[in-house]
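Dear colleague,

I am handing over the structure below, and I would be glad if you could look through it alongside the notes that follow.

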Amino acid sequence: MDSKAIENARRVAARVTADADGDAWKEHQWAVARFLSGSRTAVEEEGWRKRLNEWRERIVASLAADAYADVAESQDLLLDWLLTELRRGDDALGALLALYPSPRTEPEPLSTSGTPTRQAGGEVAEFYFADVFTFVTDYLAVMIRRPLDGTSATWCPAWWEHPEAGARLSALWLAWEHLRHDAALGMTTWWIQHADPHLKVLMDPRQGPFAACSPEGHAQDPLGPLPVEPYEPT
């Protein structure tokens, strides 16, 4: 199986997982069941619809329990199902792209500074999300569901106004872009080793960078930088 097929399977798995508890679920259920059954029989397609409903129920329960590692495992399970169907024949990728067309139209993905991001050798890095702002808006903000009550967790909608938050979220985005190419353990590694520790710091209502703000808006007097005295070598 080529990298294009794996990349598109991962893209679809991430999108369906993010929408599992939303209004778009019924459309995803129909489309994914049709793909996984290969349109072979109506009975097989109906079986996949029931199986996907059970899969969705696990995700909804995991979100309610803030068990985001379990959500990542469910996403990996859906990815395995998609990859299994893609291995069945050369026309399977075309069927998947017909249901979920690739959104990648920009010739050169952008970095956080708005400039093309290049790998060693001068090749342009292929990013699923064009920049950290798109990553936070279209993926992280949709996926993360927390009680933002200022006691257990908080957030600032103008997160880019906080240098530490911008640096941490950019690191999360770049780690996600790198680990998404690992079809087996990539997303589990990203959640446990990257997302969980970064989000714990970012959303800490007392010690995190958003402590002076609230989900309703950015504070007029945000936290200042660390005090530093000039270094004079002796």
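A residue is called buried here when its relative accessible area is under 20%. Please keep in mind that this is a predicted model.

By that cut-off Tyr139, with a relative accessible area of 2%, is buried, and Phe135, at 0%, is buried as well. A search of the whole structure returns 18 aromatic pairs. In one of them, the ring centres of Tyr128 and Phe129 lie 4.7 Å apart with the planes at 90°, so this pair is edge-to-face. Tyr128 has 22% relative accessibility and therefore counts as partly exposed, whereas Phe129, at 6%, counts as buried. Phe135 and Tyr139 make up a stacked pair, with 5.7 Å from centre to centre and 25° between the planes; because they are four residues apart in helix H6 (residues 132-143), about one helical turn separates them.

These four residues belong to one aromatic cluster, which also includes Tyr68, Trp176, Trp190 and Trp191.

Turning to the largest nonpolar core, which has 63 residues, Phe135 and Trp190 are the members that touch the most others. Among the elements that give two or more residues to this core are H6, helix H7 (163-179) and helix H8 (186-202), while the largest share, nine residues, comes from H4. Once neighbours within four places in sequence are left aside, Trp190 is in contact with Phe135, Tyr139, Leu140, Leu172, Ala175, Trp176, Leu179 and Ala195.

With kind regards

Notes: Residues are numbered from 1 along each chain as its sequence is written. This is a predicted model: local features need pLDDT of at least 70, side-chain atom pairs count only at pLDDT 80 or more; totals for chains, interfaces and linings use all residues. Side-chain values use heavy atoms; hydrogens and water are left out. Rings of Phe, Tyr and Trp (its six-membered ring) pair if their centres lie within 6.5 Å; planes under 30 degrees apart count as stacked, over 60 as edge-to-face and the rest as tilted. Buried means under 20% relative accessible area, exposed over 50%, partly exposed in between (1.4 Å probe, protein chains only). A nonpolar core is a set of buried Ala, Val, Leu, Ile, Met, Phe, Trp, Tyr and Cys residues joined through side-chain atoms within 4.5 Å. Contact means heavy atoms within 4.5 Å.
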